[in-house]
Amino acid sequence: MTKKKVHEHLTSCDASRQMIEIAAQRGIETVFDRASAMRPCPIGAAGVCCKNCAMGPCRVVSAKEAGEPAKVGLCGATQETIASRNFARMVAAGAAAHSDHGRGVAEVFLLAARGEIPGYGIKDEQKLLQLGLDFGLDVANLSVQELAVQVGEKCVSQFGQQEGELVFLKRAPLKRQELWRKHRLAPRGIDREVVELMHRTHTGVDQDYKNITAQAARCALSDGWGGSLIATELQDVMFGTPVPVAGSINLGVLKADEVNVIVHGHEPLLSEMVVVASQDPDLLDLAKKNGAAGINVAGMCCTANEILMRHGLPIAGNFLQQELAIATGAVDAMVVDVQCIMQAVQKTAENFHTLVVTTSPKAKMQGATHIEFDEHDAIATAKKIVRAAVENFTRRDRKAVNIPDVRTDMVAGFSHETINYLLGGTFRSSYKPLNDNIIGGRIRGIAGVVGCNNARTTDDEPHILLIKELIKNDVIVLTTGCVAMACGKAGLLTPEAAKHCGAGLAEICETVGIPPVLHLGSCVDNSRILMAATAVVKEGGLGDDINELPAAGAAPGWMSEKAVSIGHYFVASGVYTVFGTTFPTLGSQVYTDYLFNGLEESWGGMWDFEPDPLKMAAKMIAHIDKKRAALGIDKARERVLMDMAMRRELEAT
Ligand code: NFS
């Protein structure tokens, strides 16, 4: 294979391909090089390496692989126990990451509500009111500020709550709530479930894989219906609930003649302020003095989704593009906070003038410049960072700049509230039109396609193949995270993408003017998908619980522990959820079989694994059709299809 061919296989993104080529020419190592130089450990990848005590690590490979009887660990732990513990610990780490993000937002929200920090305010009073009602507050007799303080206190208390249930569980369909109670899956408090899961997976504690899986669900639910939901809701109240907004995406959004600041990571607390600082007249003057035409703020990873949805600011790229962005030589500062930041960005930056700025006390990086985010004076921190970028612009080597001329238009910002308005109209906002179209068969079902990019598969490719196949089959897609960005790059986030749809979905998109793939935000915003699914159930006509909906979830290119937590809370909420690329329990047949086939009976949702995106689509569609048949609405779709076929036949004659 020629070098070019090798690179073509790495990504389906044009801009990335160009930059991989340029990085290779310059001898700059990237994740793609490291992925080809190092194979994943097959035992660890399959979930059967136990390193939870110092008698190990014990590698409990199956008889078939090792040519000998299935082993147990030194303590006697079986494959299924070890695989479930490893799986559960991924859930715990993922839930902790999302929830700690949520806690950070809640703390800043509370400080802002108390008037202790400048710069943050209330942008969505309606949502604040809703939160007040969720917490049973006396909303009628409280001022906005009093309400904000009480909501902030209640949200913060959800993390340390020891008894009872998380308040937002009440938003779920009643049947789901009862199921959670019956199976003891209802989370008591967010931190408590993470701690208990870590305890139970310590060596010599919980030995029953089913029991471990249930606690993993309780922990994951404390993420989806707790920490993540709190993050989403409070960010909306503070920064505004997203409405559809046009933007552009890919490395081509970087500007050769402007100061480029990339905000990379997850928490919008600081990036919102960086946006404000980039418009500061003094800093703009300084930029001009330094020879720049302006200050260009672009996002990366989930921070990108946040600033696009709320400000229409461009997205430089998704997870696997972070080193490639720096390799353009045009990034004056990459500002990072927490999660999904490769340590390699600093090494890449050392080939250029790029300043990597860490901002969180939780996430420092050797060699990077640390400018700690002080929420008491967020604007001052943001200005300091932007000033550093502007000053650094003078050090840019213009001859080393290579910005691929690749960018795509997209529409983002479909909160579940917006879907309500768009489909039902401002005066009769409701999910009824969506439900009616599902019942009538124009829309076959709903898919949530979310998650990361993984250097073990062709970058972006499985997401796009899967989603094109789904929309071709009239399945409307809700997306978040790095998959949402992959869709943006591939042009699937515009109403024109209706051309890829089946006749039924195309008709809806054309009538309403929406893309067939709706960008709902960052990964914590998967909570919006839960809310949308719940709204569809509550609208009526499609069953009484989420597991009765003609719906399915997928993460074709997942890589982070957060994705496992997300997957598990979707499964525990009743969703059939398929992962691609790899699955972390395959070394234990017993445990994998339990996740794939054993859970459905009690929870209504279950896991699956399918690395081929087209087969993955077929499985999701088969599940959707099974649910349509159970609801008795399969006939409606057959009629619609017949109508279309007849119409085509008529047109042909
Ligand atoms: Ni989600 Fe967002 Fe991307 Fe994966 Fe990372 S940025 S929180 S974990 S890689 S989708």
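This is a predicted model: local features need pLDDT of at least 70, side-chain atom pairs count only at pLDDT 80 or more; totals for chains, interfaces and linings use all residues.
Q: In which strand is H370 found?
A: Strands (E, at least two residues) and helices (H or I, at least four) are DSSP runs, numbered from the N terminus. H370 belongs to strand β9, residues 369-370.

Q: Is H370 buried, partly exposed or exposed?
A: Buried means under 20% relative accessible area, exposed over 50%, and partly exposed in between (1.4 Å probe, protein chains only). H370 has a relative accessible area of 30%, so it is partly exposed.

Q: Which residues is H370 in contact with, leaving aside its neighbours within four places in sequence?
A: Contact means heavy atoms within 4.5 Å. For H370 the residues are T358, T359, S360, P361 and K364.

Q: Which side chains have a polar contact with that of H370?
A: A polar contact is a pair of N or O atoms within 3.5 Å; within protein, one must be able to donate a hydrogen and the other to accept it, and residues adjacent in sequence count only if both atoms are side-chain atoms. The side chain of H370 has such a contact of 2.8 Å with T358, and another of 2.8 Å with E372.

Q: How many salt bridges are there?
A: A salt bridge is a side-chain nitrogen of Lys or Arg within 4 Å of a carboxyl oxygen of Asp or Glu. The count by this rule is 38.

Q: Which residue forms a salt bridge with R444?
A: The partner is D625, with the closest N and O atoms 2.7 Å apart. R444 lies in the loop between α19 (432-440) and β11 (445-449) and D625 in helix α26 (residues 613-631), so the pair ties together parts 181 residues apart in sequence. R444 is buried at 13% relative accessibility, whereas D625 is partly exposed at 27%.

Q: What is the N to O distance in the salt bridge of K619 and E610?
A: The distance is 3.8 Å. K619 is partly exposed, at 29%, and E610 is buried, at 12%.

Q: Which residues are linked in a network of salt bridges?
A: The network links K127, D134, R171, E233, D236, E306, R310, E417, D525 and R528.

Definitions and conventions. Residues are numbered from 1 along each chain as its sequence is written. Side-chain values use heavy atoms; hydrogens and water are left out.
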